[in-house]
Every structure is written in structure tokens, then in C-alpha cells.
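Hi there,

Here is the structure I promised to pass on to you. Have a look at it first, and then read on for my notes.

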Protein chains: 2
Amino acid sequence: MDNKVSMEEVVNVAKRRAFIYAGSEIYGGLANAWDYGPYGVLLKNNVKQAWWQDMVMKRGDIVGLDSAILMNPKVWEASGHIAEFTDPLVDCKGCKQRFRADHVEGNDCPNCGGELTEARSFNLMFKTHAGPVDDESNVVYLRPETAQGIFVDFKNILDTTRNKLPFGVAQIGKSFRNEITPGNFTFRTREFEQFEIEYFVKDALSAKKAFDEWVKARFDWYKDLGIYPDNLRLREHEKTELAHYAVAATDVEYNFPFGFSELEGIANRGNYDLQQHWDHSGVDPRYFDEETKTKILPHVIEPSGGVDRAVLAFLVDAYKIEKTEEGERTVLKFHPRLAPIKAAIFPLVKKDQLVMEAKKLFSQLKERWFVEYDESGTVGRRYRRQDEIGTPYCITVDFGSLEDKMVTIRDRDTMQQERVLMNDVINFLEERIK
Amino acid sequence: MDNKVSMEEVVNVAKRRAFIYAGSEIYGGLANAWDYGPYGVLLKNNVKQAWWQDMVMKRGDIVGLDSAILMNPKVWEASGHIAEFTDPLVDCKGCKQRFRADHVEGNDCPNCGGELTEARSFNLMFKTHAGPVDDESNVVYLRPETAQGIFVDFKNILDTTRNKLPFGVAQIGKSFRNEITPGNFTFRTREFEQFEIEYFVKDALSAKKAFDEWVKARFDWYKDLGIYPDNLRLREHEKTELAHYAVAATDVEYNFPFGFSELEGIANRGNYDLQQHWDHSGVDPRYFDEETKTKILPHVIEPSGGVDRAVLAFLVDAYKIEKTEEGERTVLKFHPRLAPIKAAIFPLVKKDQLVMEAKKLFSQLKERWFVEYDESGTVGRRYRRQDEIGTPYCITVDFGSLEDKMVTIRDRDTMQQERVLMNDVINFLEERIK
């Protein structure tokens, strides 16, 4: 892409336009924690809602779940996280800085040249204590992934709903990983949000087919929501990269300013997870298949995405600086479903009748969508403000409107204007935003 | 209420109908942690969305925020949580059980009669360590409330948006309190979700007026979403209950099976919080008032509600057992906006043409709403299933539909049926659900 931006520029733009602030900024921040500001929270909500609508509501073969962040520690024994969810860590004997062993080459410290210690395993789960005593019996972890909530509740979902295989369970929620080196803005943070699906099928053969379908479905989802296709690619994991139980895994990667990096991973996990929880809990999670009258331990495909990474990709991809007849403009070309503000309503000038009509329209529209009313400055300046936060439609009430009951709607991307009957504005927007 | 249910019945119904499961149940649970199942997550999402739409989208004087759970520990020094967010705790010298000192009378243990220790302060914030070293320099807390994120980001919001006082900042998110005695199902849990607003005004006089408006607005919100008014009441805090900085506080209480208890608190906090953060961070949070050309430290009204409590209240209030002509039915009479499933579509019997038409209608409706298709059992039985999860409309395609292109829509509450043109079903639902 010719106008590819630097991460620094993205961070600045995100702050200046109330999308993303440094967390606890007035206290000097907190190691790569970030807050979503007034426009950022709307963008993030829209990304989550688009996923929820497309993956759960519209499909009909997936149900939702919202499991707790704090789980019984036995969950993490069964899943292998207590034993294996570690990074190799080295300390510099000189400056005492810590590094991931797989991120440094040789035995010298990248910072001061001092000698590095042997690598030791560092578990990435945040540990805390529930209840008034800080001892081992009270240890709980902040979940490092939402997925295990789905496996642990699988039996309950089977027993209390009427789902037939194949079906999926979807969840959106916060997870926590005590990364040694968080970084790249919201790309790798210790606290992050995930959207994960566990799609259960009858056997290994169905899993193979479902895996291919999910890789395509998830790639297409990002593309259909406006990511430029050349900025997306699929990366199949090498056999050596796979966990011992995994059959296959493919990442959807986005071309971030720091290079192609993982947005989402789709994995064929066999029946490993349900088997592990069966072994550790003693609760049989098998599905009774009416057709064959047998009990089945389902196989599972896991499309697991990062919400913050998706938001970052949509933000980076939308950011454009364009030459126009009036000079340069910066614009966020979000898909209308993702745009924080769907429309802005302006009176052409600050005259009573125009203001009244514009406010009336604003009142109608804000019952359905996030919209803004703006009467300050020239219309050109108001367009620029809305371009900068990615509002797809600007609607101006002018003197002609008082006669013909029509308004001018200006399209963010084409900058073309068209006259639309006031009474048709809701339909106009509905068709274009859905 | 004549059919007031017991908590035990609510817990059972919530599980059986896939609303709420015990967290980590297959491992024996985890001290009062709960998961929202397939219908529960839809109900909870609808409650959060109704709040977000009514309090943020439709008002126009409130913006959103989504700040991180992990904040710089200096935030909790400034807010007073490190020093003062404690419960008095006593231990029994006999059986070693722990109690809140204010929940036991006398000096003997309620469990074994043993002697109790002196009360000591127990801080309710969960403590963990960020980064690879578990020492004091790395301590971080899980936030005990979302509100402080709003105060900490207030200056950023002022600088990057064009809000004029009075305006509010709203946030939905998880908080954590290490309660000594969690209980009453989802009413008091260690992990919970909040919806909080900080509504900033110019001075103490405006704060007094805004406080009254917010008490009314929040009471009405629950009422308008269908809570039976007699089950709601306002409780004004006594002067002795108020924090030293608080000017006034009123709770909205709901008549839970265990008695009237807090759903939401509305507090007039003066300008205490912004002042504290100004003192501790050195960052001046004042607002420049264009009218008077002076800098103002705003006062704030805080309507702070618990999402899980709201969900529990809507669930308890909706639950009815009714005598009908065909016998008894159990029904969840949710407001249509809150109902997890908006409509169910049935073919009268399992004949190809009816199935095809019903599935066609289902396909259209699931583009907009969570709906279900059901062809199994008698229509009466299918009505009962939908009543039990609170679906407001059941739509049946019968042989007549093939001729007159009309379907029968049955209303959950009145059980009345009416014939509606298939092409009008979307409008019919849209009018009733919004």
C-alpha cells in the first residue's frame, strides 16, 4: 500500500480522535495498557457486534456463552496451562533486565552486553488469591483464554439446549496473559479481549472438512468488513509448530505496519480438550447420537480471534490521506457497519428554522443509531471532522429543505452529494449500514 | 406478589433453561462464580444494550468509554481504595472459619461457638503481579469498580472530544471484589459486571438538580423495561451512611426473594474524585468554561448499577406460573427488548411445503433478530418451550398460509393469536420489539 502508515502515526491518530488512550496515562501509564475512548468504544462494540451477528445470530448453528474469568484452578491443570503455558525467560546478570530467551541471540544481553542467565520457564497466567487468605489453597488464575469456558460448560449446554451436531459455541470476553514483552500498541497486551468459537463435529473426517470451511469463513469475514484483500493472508502452521494434539492450524494474518502478524488462528484440535476435561473431572461429556444410537466424543474446530487486534487492523486499514480538489484530507474509511458514528446532521447555517429541522432529524435518527449534530464552523470543516472519525454520511439541511423537504447527503468515500427526501433518510441509511 | 419464588427455584430454572450455570461446575464450581449459558448471554447482552442505547445513544449528552481492568496502582491510592476499601474480618479460634465482623453478633463463632479474634481490616481488591517478578514493585489490582477509569481519562476525553458541560461518560465492564461472603446466586459475586455513568456538571447547585433527575431516570429505566413497580423502591442513604465527601446517595432497590436489596446506587460525589486525581497525578483536570472564561472543576453524579443484579431482577420478575385452560404454564414475561429469542417460527406439521415456507421466513428473520425454528412435537408443546424461555412471539405457518400468504402470530402474554401477512411480519415484530 502506498500510504502505509507508521505505528507511531496510528497511535497518535488513535489518541487525537478519541479512539484509544494510554491506560492510566495521568499516572505515567501501565506497561502497554490501553483504554478505548468515546469513538474507540463504539468501533470496538461494532466489531464485536458484527462478529456476534454474523457468527451467532445469522448462522443458526452456533449458540453463545459468557463464562467467568475466574475458574476453578483444576481447569488449567486439565488444559495443560499450569504445566505448559510458559515462556522461556532469561535475566541479564549485568543490568537485571529480563528477556524472552527465544527473542535474544547468543548469551549476551542486548541492553548492556552483560551475561545472560540460563533460561527458566515463566508461566504466563496471572495468579491471585480468592478469599481472605493468601495461601496456595486459595490460588486462582485470570483465564488466559476464553475457550476453556466452552469446554467446561459443554456438558451443561448439551443437557439444557436442543443442539444437534454439528454445532458451535461462541464467546466474547477478556483474557489475561502476563507477557514478558508486551508491545506494538494494542497488538500484544497483557489484558485483551477475544472472540472464540468451538465448533463441534462428529468425527475426524467432518473436522477436516469443517476446518477448511472455517478458514475460508474467517478470512472472508475480515474481507467483507472492508479490509483490503492484499493486506490479508493465510499462513498454514508447519507440523513442527503444532501442539502434539493439534491436527492442523492456519492463521489469518494482517499486514500491520510492523509486518504480517496474526489476527486470528483456526485450529483443528481433535477431541483433545473434551477428553482432558473428561479425564480430570470424571464427567462424561459425550454426545448421544440419535442416528447411530452411540455416544460420541466430538472433535472441534477453534476459530480464535483477538478483538483488539481486529480493531487495530480495521483502524490501520481504514486510515487514508487523500488529495482532493480542496487540498489534502485524512479519512477513516470504515465499513458502514463498523463506523462509530453512522451519520452527522448539519444545518447549513445557524438559522432558527434550519437548526430546528436539523435537530428534528437528529432526534429521529438517534433513536436508531449513533449520530452527531454539528452546527459549528463551515460545512466543509464539519465534513473534515466527520471524515476524520470515519462517519459514512453527512446530512445537511439547507434553505431548499424548507421548501422541498429534501436534504443533501454526502458520501464519505466518493464525496458525492445527493438530494434525499427527509422522510426517506431512515431507509437510505438502513440500506447502506446493515 | 402472590407467586413470589424462592431463590432455589430461580437457580434451578436458570440452569435448566440454559440461562445461568454454576461456573467450573464439572470441577465442583468455584465459590459462587456463575456462567451465562446460551439464553443467559442473550438476556445479559440485551440488558447491556438497552442501557447503552437508552443512556448513551439516545440521549446525546453522554459518551462511552472502555478502560482497562488493570490500572496503575496509583489510581487506587488516589481513590482511597488501598487505604479504605476494606471489610472488618474476624477468625474463629476454634474452627478457623472467617466472617465479616459486622455480620456476627457477640464474640462467639456462629459455626462452632468458639472464640473470635479481634477484627482486622481486609482489603477487598484482588492483587496480582504484572511482569515476571512477584515483588511489591509489580503489584497490580483488579479494578473494584469501573468508575475510576472515567475519572482518570476525564482530561483525555475533554481534550479529544467537543463535549460541553453538562455531559456524562458511561462505561460497561467487569470489576472484581474479594468478598469474604459472596452469595445469593448472582447477586453478590467476586467477579461482576457494572454499568456506570459519571455525569459531570458545573457546580454544586447543578449537581443537586442533576441528582434528582438521575434518581428518577434510573428508577424509570427499570420500570419501563417491565419490572413490576411494587417490586421497586428508592432508599435514601442516611447522613451517617455517606462517605465523608458524598453529598447524597439513593439506591434503587428490587424486591428479590431474599428481600429488597440494591440494584443500583445514585450518588452525588461533589468534585472529590477529580480533586483527588489532580492532587495525586499533578494533572489539572479542569474544564474551561467559554461563558465565564474560567476553569471549573466539575461536580459529578454517579448512577452505578450492577449488570448481573439487573439481569437477576429481570429474570425473577419475569418468572410466572399461570393457570390456563390447558392447565398450568410457566412463562418468562420479559420485555420484548430483553427477551433472548424474539420469535419462534413453526410449520404447523412436518410437511415439505410448510417446512419450506417456515424455513424461508426463519431465514429472513434471523438476519435481524435472534429467532428459532422448531418443527418437533405438537404446536402446543412448542408454545410451552418458547414460553419457558420468554419468547414474545410464536409464528405458525399452516396450510392456509400457502393460500392466503398469512401466518398466525401468537402473543406470549395474552396467548391471543392473530393472522398477519407474511410480508408484514418484519414490520409487526419491529414495532413491538423496539
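Where is the place of Pro166(B) in chain B? Pro166(B) sits in the loop between helix 6 (154-160) and strand 9 (167-176) of chain B. Helices and strands here are DSSP runs numbered from the N terminus, with helices (H or I) having at least four residues and strands (E) at least two.

Before going further, a word on the ground rules. This is a predicted model, in which local features need pLDDT of at least 70 and side-chain atom pairs count only at pLDDT 80 or more, while totals for chains, interfaces and linings use all residues. Residues are numbered from 1 along each chain as its sequence is written, chains are lettered from A and ligands numbered from 1 in the order in which they are written, and side-chain values use heavy atoms, with hydrogens and water left out.

Pro166(A) lies in the loop between helix 6 (154-160) and strand 9 (167-176) of chain A. These bonds are worth a look because most peptide bonds are trans, and most residues other than glycine have a negative phi.

Ser24(B) is not a glycine, yet its phi is positive, about 50°. You will find Ser24(B) in the loop between strand 1 (20-22) and strand 2 (34-36) of chain B. Ser24(B) has 2% relative accessibility, so it counts as buried. Buried means under 20% relative accessible area, exposed means over 50%, and partly exposed is in between (1.4 Å probe, protein chains only).

Lys405(B) is not a glycine either, and has a positive phi of about 55°. Its place is the loop between helix 12 (399-404) and strand 22 (406-411) of chain B. With a relative accessible area of 43%, Lys405(B) is partly exposed.

How the helices sit

In chain B, helix 1 (residues 7-16) packs against helix 9 (residues 307-318) at an angle of about 100°, and their axes are 11 Å apart. The axes are lines fitted to C-alpha atoms, for helices over the stretch in contact, and angles run from 0 to 180 degrees between N-to-C directions. Helix 1 and helix 9 of chain B are therefore roughly perpendicular to each other. The cut-offs are these: under 35 degrees is roughly parallel, over 145 roughly antiparallel, 65 to 115 roughly perpendicular, and the rest oblique.

Which residues of helix 1 and helix 9 of chain B make the contact? Helix 1 of chain B brings Met7(B), Val10(B) and Ala14(B), and helix 9 of chain B brings Leu312(B), Leu315(B) and Val316(B). Contact means heavy atoms within 4.5 Å.

Helix 7 (residues 204-224) of chain B has 21 residues and reaches 30 Å from its first C-alpha to its last, close to the 30 Å expected at 1.5 Å a residue. The expected span of a helix is 1.5 Å times one less than its number of residues. The buried residues of helix 7 of chain B include Phe211(B), Trp214(B) and Trp221(B). Just after helix 7 of chain B, Gly226(B) takes a positive phi of about 100°. In chain A, helix 2 is mostly covered, with 17 of its 20 residues buried.

At 12% relative accessibility, Glu357(A) counts as buried. Leaving aside its neighbours within four places in sequence, Glu357(A) is in contact with Val397(A), Leu402(A) and Met422(A).

Asp387(B) belongs to helix 11 (residues 379-389) of chain B. Asp387(B) is buried, with a relative accessible area of 2%. Asp387(B) and Asp411(B) are 24 residues apart in sequence and 9.9 Å apart in space, C-alpha to C-alpha.

Happy exploring!
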